[in-house]
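Biologist: I would like to go through the packing of this model step by step, with the criteria spelled out as we go. Please begin with the conventions.

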Amino acid sequence: MRLTTRQLTLCAVLTALALALSYLENLFPLALAIPIPGVKLGLANIVTVFALYALGPGQALMILTARCLLGAMFAGNVNALLFSLLGGLAAMLTMIGLVRLRQFSVYGVSVGGAAAHSCGQMTAAVITLGSAAPLYYLPILLAVSLATGALTGLAAACLFQALGHTNLRNLIKE
């Protein structure tokens, strides 16, 4: 994939935005509102969904991979990299498939991605712990992913609606 300077710059800006949203999300004590271990809103996934629709799967995958690698590097946690990459790649592959089916709205694609992300992270947990015990937690994470995926889809839909009144979408496609 050969990128123009504009496309590469946009990917870098979106990667930085995704990293900032991920960092910002860690500042909020979500456990007080949702007392379920490991649950996050997935604010950085708003950028992933946006990039998938606006830029295409190749650039969206590049942004996701850069976010996972840089996020783990900044956190200094190799386990975070495994969880982030497996969850993110499972989500991205699922969302690419759902977008290509053309039967799902941005909400459905986002919920599917959130569910796949939970499955990818459970895979990472099984690999890390060497036990299938974490799989008992998967139904809870899948239920929560319905809400978090819908929230991410809503945010992406609002973003697309807001961009519909600007010429930014035309600039992206150039």
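Modeller: Helices (H or I, at least four residues) and strands (E, at least two) are DSSP runs, numbered from the N terminus. The model is a predicted one, in which local features need pLDDT of at least 70 and side-chain atom pairs count only at pLDDT 80 or more, while totals for chains, interfaces and linings use all residues. Residues are numbered from 1 along each chain as its sequence is written, and side-chain values rest on heavy atoms, with hydrogens and water left out.

Biologist: Is Gln59 buried or exposed?

Modeller: Gln59 has its place in helix 4. Buried means under 20% relative accessible area, exposed over 50%, and partly exposed in between, for a 1.4 Å probe and protein chains only. The relative accessible area of Gln59 is 6%, so this residue is buried.

Biologist: Which residues does Gln59 touch, not counting those up to four places away in sequence?

Modeller: A contact is defined by heavy atoms within 4.5 Å. Once residues up to four places away in sequence are set aside, the partners of Gln59 are Met1, Leu3, Gln7 and Cys11.

Biologist: How many aromatic pairs are there?

Modeller: Rings of Phe, Tyr and Trp (its six-membered ring) pair if their centres lie within 6.5 Å, and planes under 30 degrees apart count as stacked, over 60 as edge-to-face and the rest as tilted. Applied here, this rule gives an aromatic pair count of two.

Biologist: Why is the pair of Phe50 and Phe160 assigned to its class, and which class is that?

Modeller: The ring centres of Phe50 and Phe160 are 5.4 Å apart. Because Phe50 lies in helix 3 (residues 44-54) and Phe160 in helix 7 (residues 138-163), the pair ties together parts that are 110 residues apart in sequence. Phe50 is buried at 6% relative accessible area, and Phe160 is buried as well, at 14%. The planes of the two rings stand at 25°, so the pair is stacked.

Biologist: What class does the pair of Tyr53 and Phe160 have?

Modeller: Tyr53 in helix 3 and Phe160 in helix 7 are 107 residues apart, and the pair thus formed links distant parts of the chain. Tyr53 is partly exposed, with a relative accessible area of 28%. With 5.8 Å centre to centre and 70° between the planes, the pair of Tyr53 and Phe160 is edge-to-face.

Biologist: What is the handedness of the crossing of helix 6 and helix 7?

Modeller: Axes are lines fitted to C-alpha atoms, for helices over the stretch in contact, and angles run from 0 to 180 degrees between N-to-C directions. The axes of helix 6 (residues 106-129) and helix 7 come within 7 Å and cross at roughly 140°. A crossing is left-handed if the near helix is turned anticlockwise from the far one by less than a right angle, and right-handed if clockwise. For helix 6 and helix 7 the crossing is right-handed.
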